[in-house]
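These exercises are meant for a reader who is meeting the structure for the first time. Please look at the sequence and the model, and then work through each task before reading its solution.

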Amino acid sequence: MAVLSDEQTMLRDMAREWVKKESPIDAFRKVRDGGAPAGFDPAAFQAMAEMGWAGIVIPEEFGGSDFGWLSLGLVVEETGKTLTASPLATSALAATAIVLGTSAGAKAQWLPSLASGAIYGALAIDEGPRHDPAAIATTATKTADGWTIDGAKAFVHDAHGAAVLIVAARGPDGIALFAVPADTVGVTLATRTLTDARSHTKVSLSGVKVPATAELGDGELLDRLLDRARIVTAAEMLGMAEHSFGVTLDYLKQRVQFGQILSTFQALQHRMAELFTRIELLRSVVEAALAALDSNSDVPAMASLAKATANDVLHLVSREVIQLHGGIGMTDEYFIGFYIKRARVLENAWGAASFHRDRYARIAGY
Amino acid sequence: MASAARSQEADALDAFRHEARDWIAANFPASLRDKAGAMMSPYGADSAGADGTAWRKAVGAKGWGTPTWPRAYGGGGLSRGEAAVLNQEMARAGAWSPIGGMGIMMFGPTLLEYGSEAQKLRHLPAICAADIRWCQGYSEPGAGSDLASLQTFAEDMGDHYVVNGQKTWTSGGQWADWCFALVRSDKTKKHEGISFLLIDMKSPGVTVKPIRMISGISPFCETFFDNVKVPKENRVGEEGEGWTIGKRLLQHERTNISGGGGRMAAAMAQSLVEQAKASLGTDAEGRIAEPELRSRIAKFEMDWRAFLLTTARVTQESKAAGGVSEISSILKTVGTRLVQERAELMIEITGLQGLGWEGEGFSAAELANVRGWLGGKASTIYGGSTEIQNNVIAKRILGMLDHQ
């Protein structure tokens, strides 16, 4: 655990306590089985917003707490432990695009209600099943008083019910980012149901007209946004790895076979020691990457390091926790198998491990 | 008040910085600049000639090779802050500590904690001056990972013991003056039957035979004890307390292995990528031309960075908690595994040119790499093998019990 300030410790403890009481794994199961169209429980997101979590990375002048990325990471890690379904992370990232962008109009229009959690936002960046920001083909055409956007975005997370979509498009000067009101004429959503039972949507943009103030910035802003998305996703993955490991450890300590508690078998002890070691390494890189965002140093390399490591570690952990549980781990009645279904979705989000290894090498000059 | 105290402390550190800087300027021979590698030789600084010997004696007399040890035992008596300043000033001047070895890294810290006053006064000053070289008598042919099953027996003869048995993997045994050893003083108990003895290697009955390793060199020895007489004043702690003391010493050893591995690979970190570019060529973008190997090099570099970040986190958390962080147990396994992986990668990158054993056509660096690659296989075995470390993690940290 990083050395935290008193406020950060309080925030983390508050999140831990809330997750334990209000959002155990059964809360996720209820959302999944209840068929909530937005893929989460609005009351839960409301509760998070009331605790101020929606505004953690939004400046105070717009109603946020400007509490920093390590603070947001702590909360996302905690909620990730029990697969808490909410647009908290995605919406914070959408807000970030506006905060880091240059449009004063967009800031005034969106940030106060994003900070309060009255609305939430989503990121409409990728256009295929794999993360590939270089392949963005959605176009932005300049009009007399703004822009017209045409294209389609694949697997947009938490777009259902979102008020604002952060859309990447190719304009006359290259990539540009726009804050598009989701209710604009020409925006249509089609649900894509994935293994994690969360909200994923194909977003079609056909002749979507936005004012000039919707333009947030260029390709450099997109890179900064993506690095933040990678690091926050890695924090969620850390929470998942940690918790599914802990649950498995508890299981091994009570399950008896051959007249022995399973945790006494060395074959299992060494696999658990190996997983523990990897999770500790992951914790170090996630905390360092969050801290890098707060100090604005070496962010691109740290983002790729965090995401690649999170992918590798959670991939292994999510497989091992099923195997270590045996048959019960395969059942839907039990919950440990939920982790692998979310894990693979997040592994693909914002770059697979191979993407980030290649990027890390490129940044370092090889 | 608080800030006045802080500035007083800062003033004192500044004054010490000047003292250290002047002393280094006056005593560090210019000929030894960047010759820290001499410390890798069994003869330490003395292998760098008369200047090396003079530098060792100067630092030894000052106690600055063991800066935080008490003055009374030959140490520098410095505060942690002063020791850090000394380090900085040494680095600034291109100087290095000529005092090294097992005495400093493992035995000294243990003796400071468990030794009698007489033992400390007798042995520590010679360690601080690097006048005496120590070796470790722990492993035996039948007691490797299961160290507590050791059989070397110390028979109680009143005012002394008579020791019989065999130790193995005695690092530097052929050059050592003294040996700290775990011996069995009671055959009826396992852990509680072990005592910690200091044995003069010149005692009659001590025989040392170097073991030739796959690397072609002999850093380890077999050490035989044949009716060796050891006075009881050379027992550290009580009879039967050896296992407790011996384990403490191993903690120092593990810290040094992970730290040492870190230093070693950090020094070589740049060259993996540079070597790959040279050996494999570069593409139009200036990247390593072989994408599969490039990806694995990146994977290594990322894992290595995760390891360094974890090392930093351990330090930070230990400082904050005022104790040892429990995750320090993972540092040895991860650090040693990565250093080995790096050596394997280097050989893959360089091909057969990277497998030279001796003779013409190979650079000194290439030959040293080969020996380091083979010799480095020891790191996941000694100091508690990776498997033993995983037992420790499973049992002590994860609370997984022994088989009943």
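**Exercise 1. Find which residues Ala169(A) is in contact with, leaving aside its neighbours within four places in sequence.**

Solution. Taking a contact to be two residues whose C-beta atoms, placed from the backbone, lie within 7 Å, Ala169(A) is in contact with Ile136(A), Thr138(A), Thr139(A), Ala140(A), Ile149(A), Gly151(A), Ala176(A) and Phe178(A). This is a predicted model, in which local features need pLDDT of at least 70 and side-chain atom pairs count only at pLDDT 80 or more, while totals for chains, interfaces and linings use all residues. Residues are numbered from 1 along each chain as its sequence is written, and chains are lettered from A and ligands numbered from 1 in the order in which they are written.

One of its contacts, Ala140(A), is 29 residues away in sequence, with 5.7 Å between the two C-alpha atoms.

**Exercise 2. Decide whether Ala169(A) and Pro37(A) are buried or exposed.**

Solution. The rule calls a residue buried if 20 or more other C-beta atoms (placed from the backbone) lie within 10 Å of its own, exposed if 12 or fewer do, and partly exposed in between. Ala169(A) has 26 C-beta neighbours inside 10 Å and therefore counts as buried. Pro37(A), which is found in the loop between α2 (25–34) and α3 (42–50) of chain A, is exposed because 10 other C-beta atoms lie within 10 Å. Pro37(A) and Arg198(A) are 161 residues apart in sequence, yet their C-alpha atoms are 9.1 Å apart in space.

**Exercise 3. Identify the residues that touch the most other members of the largest nonpolar core.**

Solution. A nonpolar core is a set of buried Ala, Val, Leu, Ile, Met, Phe, Trp, Tyr and Cys residues joined through C-beta atoms within 7 Å. The largest has 150 residues, and Phe178(A) and Ala289(A) touch the most other members. Its largest share, 16 residues, comes from helix α7 (residues 219–254) of chain A. A second, separate core of 53 residues includes Tyr73(B), Ala95(B), Met102(B) and Trp134(B).

Returning to Phe178(A), and not counting residues up to four places away in sequence, its contacts include Trp147(A), Val167(A), Val210(A) and Leu216(A).

**Exercise 4. Describe the side of chain A that touches chain B.**

Solution. Begin with the counts: 28 residues of chain A are in contact with 33 residues of chain B. The elements of chain A that give two or more residues to this side are β10 (260–261), α8 (266–295), α9 (299–325) and α11 (353–363), and α8(A) gives the most, with 12 residues.

**Exercise 5. Trace how β1(B) is placed in chain B.**

Solution. Four bridges join β1(B) to strand β4 (residues 178–184) of chain B, and the two run parallel; strands pair if DSSP finds at least two bridges between them. Within β4(B), Phe180(B) is the bridge partner of Gln136(B).

**Exercise 6. Find where pLDDT stays under 50 in chain B.**

Solution. pLDDT is the predictor's confidence in each residue, from 0 to 100. Chain B has a mean pLDDT of 90, and 94% of its residues reach 70 or more. Over residues 259–263 of chain B, however, pLDDT stays under 50. Where pLDDT is low, the predicted coordinates should not be read in detail.
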